[in-house]
Amino acid sequence: MISSFLLVSQQVFILFALMAIGFICARRNLVDERAIRGMVEILVIVVTPCLIVHVFQRPFERHLLAGLGWAFGAAVAVHLLGIAASFLIRPADKARESVLRYAVIFSNAGFMGIPLEHALLGDTGVFYGAVYVVVFNLLCWSYGLVVMCGSLKDLSVRSLLVNPGTVGIALGLPFFLFSVKLPPVIGEPVKMMADVNTPLAMIVIGWYLARADFRPVLHCAAAYLTSVLRLVVLPLVVLAGMYALCRLIPSVDRIMAKAIVIAASAPVAALTTMLAARYERDVPVSVGVVTGTTFLSAITMPPVVGLALWILA
């Protein structure tokens, strides 16, 4: 147990060391907001699909295909659990309620979850983590928009079906199913782009941390409940569910179960602030809860993920 906790702590603090680079860049005005937005576009549109394609570059194995099915079902269940928990958030301000409910449901499974899955579980962990990201994309651009804007008017079938997660799976899954290996002239650039996911994502998060204003969220009681649900309650419930699943069905891949717990224990999704700004919700609270839970995740993720590594070994 102690060794698992120390291992996770080490990996989390490595990620925070990378965030420190982005933090310093912001404080020293070495990178402006326009450049950061460009980095985010590269991460979302280019790096994420490349990462998914890269981890699917492996020979077909029946147990991995079964694991993908379990990962999809588990990811859906985790988000449904988040949706149920989000109804506990009842601030008087409706614009604030939309932001905080969205924050409970959606974790930063891409920018924070995948780097940690890769560090702790290797490519197989990312293999399963990619499925969680696909479910995230399907739900955040459907139910998530309903939560944030309160109607279906902005729901786009195109954004639901064509997004970085689904594109990555659509490109990468056939390679896995038919054991197709990309030629080096294509495979190596894809791998190089996949390798920049962790440092680039952490630098972006660090930059936003440096620019965050925590004052609005400090006076919001509902934001404290949101943080506890997102960082502690939901991850522990998911861990209990994964443990029960593995005990009931011993054939379930333990790496898949650990990857789901890591994704569920990540802080609030960065997309929360982007959508809050787009739909004129409570942007200051959204910034505070995203950055605040990111800071707090350095404290909450090591024990939760360490416990998962121990009991799901």
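Just after helix α14, Glu-280 takes a positive phi of about 55 degrees, although Glu-280 is not a glycine. Helices here, like strands, are DSSP runs numbered from the N terminus (H or I over at least four residues for helices, E over at least two for strands). The model is a predicted one, in which local features need pLDDT of at least 70 and side-chain atom pairs count only at pLDDT 80 or more, while totals for chains, interfaces and linings use all residues. Residues are numbered from 1 along each chain as its sequence is written, and side-chain values use heavy atoms, with hydrogens and water left out.

Glu-280 sits in the loop between α14 and α15 and counts as exposed, at 69% relative accessibility. Exposed means over 50% relative accessible area, buried under 20%, and partly exposed in between, with a 1.4 Å probe and protein chains only. A positive phi, near 50 degrees, also occurs at Ser-179, again a residue other than glycine. Ser-179 belongs to the loop between α8 and α9 (184–195) and is partly exposed, with a relative accessible area of 41%.

Helix α14 itself (residues 271–278) contains the buried residues Leu-271, Thr-272, Thr-273, Leu-275 and Ala-276. Their cover includes α4 (94–105), α5, α6 (143–149) and α15 (283–311), judged by contact, that is, heavy atoms within 4.5 Å.

The interior can be followed next. A nonpolar core is a set of buried Ala, Val, Leu, Ile, Met, Phe, Trp, Tyr and Cys residues joined through side-chain atoms within 4.5 Å. The largest such core has 71 residues, and Phe-56 and Met-242 touch the most other members. Helix α5 (residues 109–140) supplies the largest share of this core, 16 residues. Apart from this core lies another, of 17 residues, with Ile-105, Phe-136, Trp-141 and Met-148 among them. Once neighbours within four places in sequence are left aside, the contacts of Phe-56 are Leu-68, Phe-127, Ala-130, Ile-169, Gly-172, Leu-173, Phe-175 and Phe-176.

Helix α5 also packs against helix α8 (residues 164–177), with axes that come within 9 Å and cross at roughly 145 degrees. These axes are lines fitted to C-alpha atoms, for helices over the stretch in contact, and the angles run from 0 to 180 degrees between N-to-C directions. On the α5 side the contact is made by Phe-127, Val-134, Asn-137 and Leu-138, and on the α8 side by Gly-165, Thr-166, Ile-169 and Phe-176. These residues divide into 5 nonpolar, 3 polar and no charged. In this scheme Ala, Val, Leu, Ile, Met, Phe, Trp, Tyr, Cys and Pro count as nonpolar, Asp, Glu, Lys and Arg as charged, and the others, Gly among them, as polar.

Asn-137, in helix α5, is buried with a relative accessible area of 9%. Beyond its neighbours within four places in sequence, Asn-137 is in contact with Asn-163 and Gly-165. Thr-226, in helix α12 (residues 221–248), is also buried, at 0% relative accessibility. With neighbours within four places in sequence set aside, Thr-226 touches Ile-89, Leu-100, Ala-103, Val-104 and Val-289.

Finally, the whole structure has 0 disulfides, a disulfide being a pair of cysteine sulfur atoms within 2.5 Å. For Cys-140, which is in no disulfide, the nearest cysteine sulfur is that of Cys-149, 13 Å away. Cys-140 counts as buried at 0% relative accessibility, and Cys-25 is buried with a relative accessible area of 16%.
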